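Reader: Please take a close look at one part of this protein for me. I would like the surface first, then the charged pairs.

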Amino acid sequence: MIASCLCYLLLPAARLFRALSDAFFTCRKNVLLAKSSSSQVEGNFAMAPRGPDQEECEGLLQQWREEGSSQVLSTVSDGPLVDKGLAESSLALLMDNPGEQDAAPEDTWSSRQLSDLRAAENLEEPFPEVLGEEEPLPEVEGPMWAAVPVQTGRQYTDCAVLPMGALATEQWDEDPAVVAWSIAPEPVPQEEAPVWPFEGLGQLQPPVEIPYHEILWREWEDFSTQPDVQGLEAGDGPQFQFTLMSYNILAQDLMQQSSELYLHCHPDILNWSYRFANLMQEFQHWDPDILCLQEVQEDHYWEQLEPSLRMMGFTCFYKRRTGCKTDGCAVCYKPTRFRLLCASPVEYFRPGLELLNRDNVGLVLLLQPLVPEGLGQVSVAPLCVANTHVLYNPRRGDVKLAQMAILLAEVDKVARLSDGSHCPIVLCGDLNSVPDSPLYNFIRDGELQYHGMPAWKVSGQEDFSHQLYQRKLQAPLWPSSLGITDYCQYVTSCHPTSSERRKYSRDFLLRFRFCSMACRRPVGLVLLEGVTDTKPERPAGWAESVIEEDTSESEPDVPRTAGTIQHCLHLTSVYTHFLPQHGRPEVTTMPLGLGTTVDYIFFSAESCENGNRTDRRLYQDGTLKLLGRLSLLSEEILWAANGLPNPFCSSDHLCLLASFGMEIAAP
């Protein structure tokens with residue numbers, strides 16, 4: 001049995017062993033044949049055809065029996081790794097089963113050997129069938145045995161190579177051409193988690209690593225149960241509730257132009273296809289009713305964003321930046337919740353004005369909330385939504401203030417009601433200004449004294465106080481030709497045209513027929529007999545002169561103040577810009593690894609004067625009510641996630657999300 005198996009296994013690989021050294025094998029063969037005295041070996045091999053390959057196999061068998069398998073393996077180890085693996089796989093059965101040499105009778109070997117060898121050469125009959133006809137191995141106590149498939153080397157089609165290292169023990173579906181046997185690896189007992197003993201503390205477990213996807217976990221802060229100024233909870237009366245998201249999604253063109261800001265990111269997560277899928281997943285997850293986006297690249301908007309958002313149920317409006325810029329702002333809303341009343345794009349560029357020579361834009365929409373029919377005849381005030389992206393340059397605070405004044409003037413015009421008041425307003429976007437900066441305080445408090453202020457100080461982004469030359473703001477900040485007052489209102493809004501315009505009737509005009517001006521001969525009048533040669537006579541009763549009223553409308557006087565700008569929209573920030581549970585400021589972006597807040601959602605609601613400026617959950621009755629918001633993160637948490645962007649947040653800004661409630665009143 002052993003001799004037949006050895007011959008069967010080694011015969012296809014004879015030329016591999018000859019490749020080691022023809023002279024070496026010839027010499028060893030002669031020595032082994034001279035020493036051979038085993039009748040069992042001679043009897044078994046006498047039935048098989050003799051040849052050079054058979055003699056080499058016979059010599060190799062005798063060498064193993066006399067010198068031991070260790071010497072054979074050491075000899076093979078001098079050759080290539082493939083030969084070594086072949087030798088180990090071929091001799092594995094012989095080394096572990098020395099007592100089964102007479103398992104097959106001699107009279108059946110000769111015929112079976114020839115057919116099996118021919119089938120093995122053509123790989124038509126798998127080797128397990130040859131072994132399957134023999135007697136099963138007796139069960140013995142010891143290590144478990146497992147069949148492992150043997151890989152075939154690419155350079156040797158006739159050879160089977162046993163993979164070195166850990167042996168696979170799994171089962172396979174189809175039978176391999178060659179099967180080797182090996183001891184299955186014993187299961188390694190799982191080690192218990194190490195503990196760190198300290199005196200007085202017992203056993204302290206090592207810190208558990210937080211899953212990466214949980215690092216950027218953001219909580220929803222619910223304010224719906226907070227009482228208002230009147231002591232009533234927000235849910236006591238019927239309300240129209242909606243959610244609004246503001247998000248700077250990072251235009252791909254801008255990212256590639258400033259690639260040095262994103263060296264910490266893997267290139268794959270900066271690919272637009274990857275980022276687009278992440279952004280859409282974020283939109284679907286939070287599912288806002290109104291979506292305000294900044295840095296929306298124009299081609300991406302029309303080709304991917306707008307069709308995808310339309311499939312999600314949004315109606316979108318887009319305004320590209322002026323000039324050669326390729327990005328802009330977008331406002332999207334769900335027509336099932338709102339009806340569009342008007343849309344007003346805002347351009348900050350003004351030709352000929354050095355103060356307004358930048359290409360930033362904004363977008364203002366007036367939406368009418370749609371109340372469910374089940375509530376009967378009720379009404380809800382319109383909602384004004386403004387979205388913008390202000391200039392980034394930290395040194396040009398004067399430009400930022402002028403751009404914000406134009407946006408506030410447009411909001412004032414769109415949101416103004418017939419009685420002079422304003423409907424609820426939500427103003428959001430990337431303002432490129434930090435909290436408590438002069439620009440931020442101007443939006444929140446409604447007033448700013450800017451005269452003599454350094455321009456870099458307006459946004460608070462960077463400190464340029466060390467520079468010798470500093471641009472300072474002078475009054476007036478913008479010229480009167482802009483048509484905007486220091487109250488951030490259009491001039492026509494301050495001085496509306498009177499509806500009772502003077503009407504010139506025929507009788508009124510005839511009063512001037514014989515006035516002194518009409519009876520005076522014009523200079524250069526051509527004399528025509530019977531036409532221009534006579535002077536009209538004034539009829540009796542006509543006065544020589546008629547009191548002429550000033551019918552020309554004087555140019556409206558643009559109210560200007562001495563170095564102060566104001567607005568009357570009463571805006572308040574959704575976020576407090578501080579994380580009390582962490583004792584750290586909130587962060588919406590991380591340029592160059594430094595966390596800061598530049599993105600905001602302001603809404604028209606006056607905070608209650610209770611001495612606590614950080615508490616913005618109490619509001620006056622009849623305005624927008626903040627029902628909830630998505631918490632922001634600290635700089636330390638974003639550092640743990642490798643900053644922004646990262647594999648889960650595909651922009652260099654965090655999204656802002658808030659829920660509001662509007663009162664529903666009877667008509």
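Author: **A nonpolar patch and some charged pairs**

On the surface, Val526, Leu528 and Val531 form a nonpolar patch with about 290 Å² of accessible area together. Patches take residues with over 30% relative accessible area and no salt bridge; like charges are joined within 9 Å, nonpolar side chains (Val, Leu, Ile, Met, Phe, Trp, Tyr) within 5 Å. Areas come from the Shrake-Rupley method with a 1.4 Å probe, and for residues only the protein chains shown count as cover. Val526 sits in the loop between α16 (506-510) and β15 (564-566). Val526 counts as exposed because its relative accessibility is 58% (exposed is over 50%, buried under 20%, partly exposed in between).

This is a predicted model: local features need pLDDT of at least 70, side-chain atom pairs count only at pLDDT 80 or more, and totals for chains, interfaces and linings use all residues. Residues are numbered from 1 along each chain as its sequence is written, and side-chain values use heavy atoms, without hydrogens and water.

Now the charges. The whole structure has 15 salt bridges (a side-chain nitrogen of Lys or Arg within 4 Å of a carboxyl oxygen of Asp or Glu). One of them joins Arg337 to Asp289, N to O at 3.1 Å. This pair links distant parts of the chain, 48 residues apart. Arg337 is partly exposed at 21%. Asp289 is buried at 9%.

Another salt bridge pairs Glu410 with Lys413 at 3.3 Å. Both lie in helix α13 (residues 397-415), about one turn apart. Glu410 is buried at 6%, whereas Lys413 is partly exposed at 43%. Elsewhere, shared partners join Glu354, Arg396 and Asp398 into one network.

Definitions and conventions. Helix = DSSP H or I, 4+ residues; strand = E, 2+ residues; numbered from the N terminus. Buried < 20%, exposed > 50% of the residue type's maximum accessible area, 1.4 Å probe, protein only.
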